[in-house]
Amino acid sequence: MKAFAQLFLSLDETNKTNEKVKILKDYFLSVPDTDKMHMLALFSGRKPKRQINATLVRTWAMEMSHIPEWLFAESYQVVGDLAETIALLLPQNDKSSDKTLTEWIAEINDLGTKNDEEKKQWLLDSWAMLDNQERFVFNKLLTSSFRVGVSQSLVIKALADITNHDAATLTHRIMGKWMPEDYTFDQLVQEEGASDDVSRPYPFFLAYPIQETSEKQKSTDELQASLGNAGEWQAEWKWDGIRAQMIKRDGQIFIWSRGEDLATEKFPELHPFLNALPDGTVLDGEILSFSNGLPLPFNILQTRIGRKNLSKKILEESPVAVIAYDCLEYAGEDIRNKTQSERREILEGLQSVTEYPEIFRISSLIKFDSWIELEQERTRSREMVAEGIMLKRKTATYQVGRRRGDWWKWKIDPLSIDAVMIYAQKGHGRRADLYTDYTFAVWDGDKLVPFAKAYSGLTDEEIRKVDNFVKRNTLEKFGPVRTVKPQLVFEIGFEGINRSTRHKSGIALRFPRILRWRTDKPMEEADTIDTLKALLG
Amino acid sequence: MARKPLLEFTDSGIYCPQGKFYIDPWKPVDDAVITHAHSDHARFGSKRYLAHKLSEQVLLYRLGDIQLQTVEYGEKIMKNGVEISLYPAGHVIGSAQIRISYQDEIWVVSGDYKTEDDGISTPFEPVRCHHFISECTFGMPVYKWKPQKELFDDMNSWWCQNVKEGRASVVVGYSLGKAQRILQNLDLSIGKVYTHGVIENTNEALRRNGIILNPTTRITIDTPKEEVRKGIILAPPSSVGTPWMKKFNPYDFGYCSGWMSIRGAKKRRAADRGFVLSDHADWDGLISAIDATGCEKVYLTHGYTASFSRYLNEIGFDAHEVHTLYGDDEGEEEPIVLPEEVAINQTKEVAE
């Protein structure tokens, strides 16, 4: 655990990519193979199951540190992270431990069979032998909240450097539903072919935005200059659903979401068409709610994500279908190195013979002869219920991860409205102990009605100023939330707007964020609820 | 008839109506008693100042030509029948708690303080009183400092490592207090200590005051970069990310502050190394200091006043929050710099 805790700390303390890779390599070279696999599992989001619920962990931590509950809660507000709060509050350790990461995780997994009294004793003993930094990482494992500020691609790069494999192969080999207990380091780095897990998905290819923000509009001339002739590109609508990879191999089907969650059971409507695909087929596409052949806004789909049981009612209200846009494996062969056009042809072939064309849809190509024409088409995005346009180079291979060059997204400009900040709450992580989470309101007559929360969009300098304002202009405190003197006006951007019965304002926004701080606007000039409702269309 | 309290909290600062003087006022007044020379406590514009002897040169450097009377710790001064005496606060060199006594009532204003002996400031001394006005910048139980020896061992080995790998070491800390504390605890067998002009000006003021500091070299345009890279550079928070700092590339920068104990705050600073080093008392330090005064009432001026006073009340103190303008920066991160000070420092730095 010492090595793992040090790894975490060292990665935290540098922003330099080369330095991070070096730290990762040093770690790999210094720990046993089983620790390597546990580390890879954790760094790729495969957390051990939570064996003690968070409330008990908190309660025992409060007991051990002699802190009343309210003070614990306020400490958490200051620190912005539960595992870290506990690590800081516990008394200093009087023992130490040389157990490896593998041993600790095995102990955590064994807790399942123990009663609360045994769990408590184990936890208090464990805390007493871990130092501050070890405890922090340990608490993260224990509460299943392990996240790390280093991209998977850097971990893969370090691994590739020490194993002499190429990064793409390794990226592929650590995908899918393995756990460190059943996948060994030897299997991972063996010479030929990854172990034959039929469920294993391919790494997703992700697009870069062609314009960073809506303020940096790209003209058609600039597109010509950076992308070349329009004829070299294929364009599709950018759908706003759940990105998914669908696999049919050996008579079995698997649906993977972008977060590498196996979501096969969440979308029963897709099973018939997937089962009908030939073995050795992998499709990439977007899952969306559909009604009468038209995609429904994302919030309809949202109502069924996260539900454990899909009731008949939900399936009726939010039926899903797939808009497929790529084919990665055909007749059991990995075809990611074929060109975009070749893969498209194969995809069209598969789709043209499906008996479920309402469910297995294909992302239609937008016809255009010039960038000017495409720019015109882009203005129709909202009526197509799309977020904008995807551009794919006709000769593009299907690559690994987010890369510049062959796939670009060209999103439409967000809708926007000027609103007044009325509540503020402290943030988490690097925004801990700063007021960074705000609630915004618009005018309804002479009253301000809250309609959106937003967390991002301000610079660090602006956050510092707003934080200062909040601290000096608090009207009331409700737990962690402060009511703030209404005064500051912000332009809030969002991707879509829908009616909602759950919100006081009667509307719900998609992806609200702060576009800019309108220091030039007095709060009287903020927008009204009617302006907002007019956007409902 | 209840007597008027000896000290009251007014729009201009903490005021003693009987003695007709203020303590650390934030508006210009006739008579100001100053706890220490940090800019949120010692402000420009008052007619007469009273402070500790070791603050003299720094105050004159920071506030310009002021009318300043200085005293030793423990020395008694009378103002309109009210007795004033200063006791060490251990915060920075020359920092003082102000003890006010009139008839049978004693008040103590802590200013900022820390309970650990840093080896350079006169160590904190608890003073018995009826009313204690305390800071609580780090008044949350998540703030617990390690002994400074551990910290400086870490810093010295970090410096060694940087020298070995050919990187400059830049240590960032507030120019009065933190900078000298670091300077006195560095292992000078590793290399020389270089200073940013703002810090060196403060060092010079302290040396004029008779304080013996380890040798330093002011960085000027002519200082050879190769030389500097083998040493360690002391820089103020305002220099982070400026071209001045960037010219030392490649460098590692360590940020020294109590806030560095929280991962989020550390990430915000984007420092290569966060050293948890504070000139304020930590949670345990605050509670033990308050307890040692034996006070009947404690007033909390800045920091986590709401939570800390609630906790103190729960464990049996009579604690109150008061609103002041101290610690605008919540302590030590970015102290308010008066426009005058910036102007003075900039012209000085350009001239050299």
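This is a predicted model: local features need pLDDT of at least 70, side-chain atom pairs count only at pLDDT 80 or more; totals for chains, interfaces and linings use all residues.
Two strands pair if DSSP finds at least two bridges between them.

**Strands of chain A**

An open sheet in chain A is built from 4 strands in the order S2-S13-S11-S3, and its pairing is mixed. Strand S2 (208-209) and strand S3 (233-239) of chain A are the edge strands; each has a single partner strand, so one side of each has no neighbour in the sheet. The partner joined to S3(A) by 6 bridges is strand S11 (residues 386-393) of chain A, and the two run antiparallel. Within S11(A), A:Leu391 is the residue opposite A:Ala235.

Strand S4 (residues 242-249) of chain A has 6 of its 8 residues buried, so S4(A) is largely enclosed by the rest of the structure.

| Pair in chain A | Sense | Bridges | Example of bridge partners |
|---|---|---|---|
| S4(A) and S6(A), residues 281-291 | antiparallel | 7 bridges | A:Ala244 and A:Gly285 |
| S4(A) and S5(A), residues 252-257 | antiparallel | 6 bridges | A:Ile247 and A:Phe254 |

S4(A) and S5(A) also form a hairpin, with 2 residues between the strands. In its turn, A:Asp250 has a positive phi of about 50°.

Chain A is divided into domain 1 (2-142), domain 2 (205-211 + 240-365 + 395-411) and domain 3 (415-534). Between the C-alpha centres of domain 1 and domain 3 of chain A the distance is 35 Å. Their contact involves 5 residues from domain 1 of chain A and 8 residues from domain 3 of chain A. On the side of domain 1 of chain A that touches domain 3 of chain A, 2 residues are nonpolar, 2 are polar and 1 is charged.

A:Leu40 belongs to helix H3 (residues 33-43) of chain A. With 22 other C-beta atoms within 10 Å, A:Leu40 counts as buried, because the cut-off for a buried residue is 20 or more. Leaving aside residues up to four places away in sequence, A:Leu40 touches A:Val155 and A:Ile174. The C-alpha atom of A:Leu40 is separated by 9.6 Å from that of A:Leu159, although these residues are 119 residues apart along the chain.

In soluble globular proteins, nonpolar side chains tend to be buried together. The largest nonpolar core in this model has 181 residues, and A:Phe440, A:Ile492 and B:Ile233 have the most contacts inside it. Strand S14 (residues 415-426) of chain A gives the most to this core, namely 7 residues.

Chain B contains 10 helices and 19 strands. Its radius of gyration is 20 Å, close to the 20 Å that the globule rule gives for 352 residues, so chain B is as compact as a globular protein of that length. The C-alpha trace of chain B spans about 70 × 45 × 30 Å along its principal axes. Of the 352 residues in chain B, 52% are buried. Among contacts in chain B between residues at least 6 apart in sequence, 59% join residues at least 24 apart.

Chain B is divided into domain 1 (8-142 + 279-351) and domain 2 (148-275). The centres of these two domains of chain B, taken over C-alpha atoms, are 27 Å apart. In their contact, 25 residues of domain 1 of chain B meet 22 residues of domain 2 of chain B. Helix H1 (56-63) and helix H10 (339-351) of chain B each supply at least two residues of the domain 1 side. H1(B) provides the largest share of that side, 4 residues. By class, the domain 1 side has 9 nonpolar, 7 polar and 9 charged residues.

**Contact between the chains**

The contact between chain B and chain A takes 15 residues from chain B and 23 residues from chain A. On the side of chain B that touches chain A, helix H7 (263-269) and helix H9 (305-314) of chain B each supply at least two residues. The largest share of this side, 5 residues, comes from H7(B). The side of chain B that touches chain A has 7 nonpolar, 2 polar and 6 charged residues.

Note on methods: Residues are numbered from 1 along each chain as its sequence is written. Chains are lettered from A and ligands numbered from 1 in the order in which they are written. A residue is buried if 20 or more other C-beta atoms lie within 10 Å of its own, exposed if 12 or fewer, and partly exposed in between; C-beta atoms are placed from the backbone. Two residues are in contact if their C-beta atoms, placed from the backbone, lie within 7 Å. Domain bounds come from an automatic or database domain assignment. Ala, Val, Leu, Ile, Met, Phe, Trp, Tyr, Cys and Pro count as nonpolar, Asp, Glu, Lys and Arg as charged, and the others, Gly among them, as polar. The radius of gyration is taken over C-alpha atoms; the globule rule is 2.2 Å times the number of residues to the power 0.38. A nonpolar core is a set of buried Ala, Val, Leu, Ile, Met, Phe, Trp, Tyr and Cys residues joined through C-beta atoms within 7 Å.
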